[in-house]
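Here is a short report on one protein model. Look at the sequence and the 3D view, then read on.

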Amino acid sequence: MPFCPNCKSEYIEGITACSECHVPLVDELAVATREADVEEKFALLHTFPSIVYAEMIKEALEKRGIACLMKSDMLTSAYGSKGGGVFSKVRIYVPENRLKESDEIMNQMLDHI
Ligand SMILES: [Zn+2]
């Protein structure tokens, strides 16, 4: 039974997107767990040096119905005041059971950059 990862509405088979939220429906019940529980079921897909790549991959994964979490660390370089500035690394987490699939999608994407 597909359902919306956002509002948790259930839909009948064949429906692919939530009519309320306009997000792809998901099949796995694990994805619908509460925010606090979600993290334990997610696995780190990749750490990106830039949010540009991370957002591109996130979009590609979400198009395929894979919910992902994006986390970034703002890091201040030791040389910040001299021009190194602030940079961030962005990590993307995907559901553990879709890690392999996500990895393949990501590698395909990165091949085209
Ligand atoms: Zn919805």
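## A buried serine and a zinc site

Ser102 counts as buried, because its relative accessibility is 0% and the cut-off for buried is under 20%. Keep in mind that this is a predicted model. Ser102 sits in helix H3, which covers residues 99–111. Leaving aside residues up to four places away in sequence, Ser102 touches Leu45, Leu61, Ile66 and Val94.

Now turn to the metal. Which protein donors does the zinc ion have? They are Cys4 (SG), Cys7 (SG), Cys18 (SG) and Cys21 (SG). These donors lie 2.2 to 2.3 Å from the zinc ion. Along the chain, the donors follow the spacing C-x2-C-x10-C-x2-C.

What is the geometry of the zinc site? The site is tetrahedral, with angles of 104 to 116° among its 4 donor atoms. The ideal angle for four tetrahedral donors is 109.5 degrees.

How accessible are the cysteines?

| Residue | Relative accessible area | Class |
|---|---|---|
| Cys4 | 0% | buried |
| Cys7 | 33% | partly exposed |
| Cys18 | 2% | buried |

Cys7 is partly exposed because its 33% falls between the cut-offs of 20% and 50%. Cys4, at 0%, is buried. Cys18, at 2%, is buried too.

One last point concerns sulfur. A disulfide is a covalent bond between the sulfur atoms of two cysteines. How many disulfides does the model have? The count is 0, where a disulfide needs a pair of cysteine sulfur atoms within 2.5 Å.

How values were computed:
Residues numbered from 1 in each chain as written. Predicted model: local features only at pLDDT ≥ 70, side-chain atom pairs only at ≥ 80, totals over all residues. Heavy atoms only, no water. Buried < 20%, exposed > 50% of the residue type's maximum accessible area, 1.4 Å probe, protein only. Helix = DSSP H or I, 4+ residues; strand = E, 2+ residues; numbered from the N terminus. Contact = heavy atoms within 4.5 Å. Donors = N, O, S within 2.8 Å, 3.2 Å for Na, K, Ca; no water. Tetrahedral: all angles 85-135°; square planar, octahedral: opposite > 155°, others 65-115°.
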